Amino acid sequence: MSGLEPTPEQEELRDTVRAVLARHSGHTAWAPLTAQVGAAALAVPEEYGGLGCGAAEVAVVMAELGRALSPVPYLGSAVLTVRALLAAGDRRACAEHLPGLADGSVVGALAWAEDAGGGRGSWDADGLTTRAEPVPGAGTGADRLLTGVKRYVLAGPVEPALLLAFARAADTGRLGLYELTAPPARFTVRATMDPTRPLAELTLARTPARLLSADGDGVLTSVRDWACTALAAEQAGAAGRALEVTVRHAKDRSQFGRPIGSFQAVKHRLADMHTAVETAGALALAAAAAGAPPELAAAARSACSEAYAYVAGEMIQLHGGIGITWEHEAHTWFKRAHGSGQLFGTPAAHRERLARALGFLVPSGP
């Protein structure tokens, strides 16, 4: 990517993904996206059957998935799971799992967040309490037993074939990344505000697992930066599409014999929406083009979340009475905006993370 301009290859990828999503709705898009486009292989190194691309190409796909409000498990499988495996550095696990993740025949998920109380999720390392106990006389492929409850697991409509989880060693308290070698005690897809993004709850009760990396903090940092960058691209793409739909409505809807888009008050609101979309898109592109560094990932995640929430709210307002009906699509953009705004931490949490990374003094406590 040169500056903030997509390369010809990235433009072709964008157009191809957009065409696939226009022809295939819902979860049916997963097969052509993976088998025909190779979208799930983008972040996988060539030695494991992937395309060896970077965060910029992943962001192109995520932006198109956001535009379509697609429910496919791309973020959970092709981004979080792939990045966790690569960051863990376990070559056996990479050789075993990455080829299937790359061609889409295997769907993976990363069990990360836990309940922080008040219906909120804890995404920071300090809030993860799932325990990993050693297996006496381990020799069956599992060397730990995991116990805990993981929430907000990004998954498809069925249980993923590969499940990774963050947990703390019972003896040292050190965070690690583990691969489940047996099914969890319970895997439940929960009804959420946003029906376009399935989220699951994972209950572990002495579930057999294998340690992939004892440096869970390092793995989590890498995964979080990629996750935030990818999600920011999705939010920017979704906000852009919401603006397009609203502009079209402003041109088609008439009052007092004129399109409502011709009224100055409406023009000003559309201009503000456009500014928010462009700013969010620029930050998302910058973070992806730079390879998802922590500062840019946090900035993009915070800005894109708030821009998308603002644009989605304006979309409903400018559609008038029809915008608050179940029959109109505006509510789906609003729900995705506010649901995605809580993934991987709130915008305020990422602003605090950015401030700390830049060396600013951040007060503790309320």
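F344 counts as buried at 2% relative accessibility, where buried denotes under 20% relative accessible area, exposed over 50% and partly exposed in between (1.4 Å probe, protein chains only). The residue lies in the loop between α9 and α10 (347-357); helices (H or I, at least four residues) and strands (E, at least two) are DSSP runs numbered from the N terminus. Phi of F344 is near 65°, a positive value in a residue other than glycine. The model is predicted, so that local features need pLDDT of at least 70 and side-chain atom pairs count only at pLDDT 80 or more, while totals for chains, interfaces and linings use all residues. Residues are numbered from 1 along each chain as its sequence is written, and side-chain values use heavy atoms, with hydrogens and water left out.

A292 also has a positive phi, near 65°, and is likewise a residue other than glycine. The position of A292 is in the loop between α7 (264-289) and α8. With a relative accessible area of 5%, A292 is buried.

The loop between α8 (294-318) and α9 (330-340) contains H319. H319 counts as buried because its relative accessibility is 5%. Apart from neighbours within four places in sequence, H319 is in contact (heavy atoms within 4.5 Å) with V245, T246, H249 and H328.

Among the strands, β6 (residues 162-169) is mostly covered, with eight of its eight residues buried. Strands are taken to pair if DSSP finds at least two bridges between them. β6 pairs with β1 (residues 108-111) in the parallel sense over four bridges, and L164 in β6 is the bridge partner of L110. In β1, G108 and L110 point one way and A109 and A111 the other way, and all are buried. Strand β4 (residues 131-134) also runs parallel to β6, and two bridges join them. The bridge partner of R131 in β6 is R168.

The pairing of β6 with β7 (residues 175-180) is antiparallel and has five bridges. Here F166 has L177 in β7 as its bridge partner. The two strands β6 and β7 form a hairpin with five residues between them, and G173 in the turn has a positive phi of about 75°.

The chain as a whole contains ten helices and eleven strands. Its radius of gyration is 21 Å, close to the 21 Å that the globule rule gives for 366 residues, so the chain is as compact as a globular protein of that length. The radius is taken over C-alpha atoms, and the rule is 2.2 Å times the number of residues to the power 0.38. Along its principal axes, the C-alpha trace spans about 80 × 50 × 40 Å.

Buried residues account for 52% of the 366 residues in the chain. Of the contacts between residues at least 6 apart in sequence, 71% join residues at least 24 apart. The chain exposes about 15800 Å², of which carbon and sulfur atoms supply 55%; accessible areas come from the Shrake-Rupley method with a 1.4 Å probe, and for residues only the protein chains shown count as cover. The mean positions of the 33 positive and 37 negative charges are 5 Å apart. In this count Lys and Arg are positive and Asp and Glu negative, without His and the chain ends, and each charge is placed at NZ of Lys, CZ of Arg, CG of Asp or CD of Glu.
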